[in-house]
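Dear colleague,

Here is the structure I said I would pass on. Notes on what turned up in it follow below.

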Amino acid sequence: MSEAAVLGFVVAGQMIPREGARMSVDLWTPGTTVSTGRLLLRPWEEGDVEDCWAAVHGDPEIGRWMPWAEDYTVETARDWCTVHAHANPRTSLNFAIVPQDRSGSAPVGGPAVGSIGLTRFAAMARVPTVEIGYWLAAPARGRGYMYEAVGALSVYAFETGAERVEILAASGNEASQRVALKCGFTREGTLRGAGRVTGGVVDLVVFGLLPGETP
Ligand SMILES: CC(C)(COP(=O)(O)OP(=O)(O)OC[C@H]1O[C@@H](n2cnc3c(N)ncnc32)[C@H](O)[C@@H]1OP(=O)(O)O)[C@@H](O)C(=O)NCCC(=O)NCCS
């Protein structure tokens, strides 16, 4: 995963190189950013409201798989960017996905083209488990951005104590399942009737990644 290599984590303005990330600080800190070869993953902010709304509103793919996208208004986007994305920082870290140039130096203020979040929760977890969820704006798909973002945040999750990372995809969501498989996750099984998409209840396919399996 050369393009997806994690350059490091920035916590409270301080760069922590990947090799140093096993230090005892709790890296699940509000304001954390993660840099990859092409992307900056940073907290959602007020300035993202229009881009977030434009990406989600009326997009058939997001609308099909994400029930919360129904009747998506600018106010819903504002609530997400300013409140909900930051509501539970100890159990849920949400990042805006911002393409940046290869040097990693600019443009930090570029538009957000998607979302990726880590949640410290898994229904059957007996070990520290993190679930990853995501979406991309239509023009940003087909470039491997989500492959790169999931790879980077899987590394981040393991570096900050996870012993297992999961992706749960609706049984018909082939684009999402391709991302999981490309990132080295194993298709482990199906939870029948466990998910809800806009059209109703669906089966969920469970993908799991263990330490040492990041590509
Ligand atoms: C799921 C979703 C994020 C996948 O987006 P995506 O663009 O297919 O995923 P990636 O960013 O990883 O891009 C992979 C594609 O880019 C292509 N690509 C181009 N350059 C690439 C590169 N440098 N590296 C990897 N892939 C690259 C790949 O060929 C691949 O296409 P393929 O799967 O048809 O072969 C997107 O479809 C989406 O937002 N869907 C709606 C929301 C949703 O369903 N979320 C998931 C809920 S579980």
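Arg141, Gly144, Met146, Tyr147 and Ala175 come nearest to the ligand, out of 21 residues around it. Please keep in mind that this is a predicted model. By type, the shell around the ligand holds twelve nonpolar, four polar and five charged residues. Helix H2 (60–65), strand E7 (129–136), H4 and helix H5 (174–182) each give the shell at least two residues. The largest share, four residues, is from H5.

H5 also has a buried side. Ser176, Val179 and Ala180 are its buried residues. Viewed down the axis of H5, the buried residues fall within an arc of 95°, so they line one face of the helix. Among the elements covering the buried residues of H5 are H4, strand E8 (164–170) and strand E10 (200–209). On the face turned away from the buried side, Glu174 and Leu181 are exposed. After H5 comes glycine 184, with a positive phi near 95°.

Now the core. The largest nonpolar core comprises 56 residues, and Leu41, Ile97, Ala149 and Leu153 have the most contacts inside it. Helix H4 (residues 145–159) contributes ten residues, the largest share of this core. Beyond its neighbours within four places in sequence, isoleucine 97 is in contact with Leu39, Leu41, Ala112, Val113, Gly114, Ser115, Ile116, Tyr145 and Ala149.

Regards

Technical notes
Residues numbered from 1 in each chain as written. Predicted model: local features only at pLDDT ≥ 70, side-chain atom pairs only at ≥ 80, totals over all residues. Core = buried A, V, L, I, M, F, W, Y, C linked by C-beta atoms within 7 Å. Buried ≥ 20, exposed ≤ 12 C-beta atoms within 10 Å, placed from the backbone. Contact = placed C-beta atoms within 7 Å. Near = placed C-beta within 6 Å. Nonpolar A, V, L, I, M, F, W, Y, C, P; charged D, E, K, R; others polar. Arc of directions from axis to C-beta.
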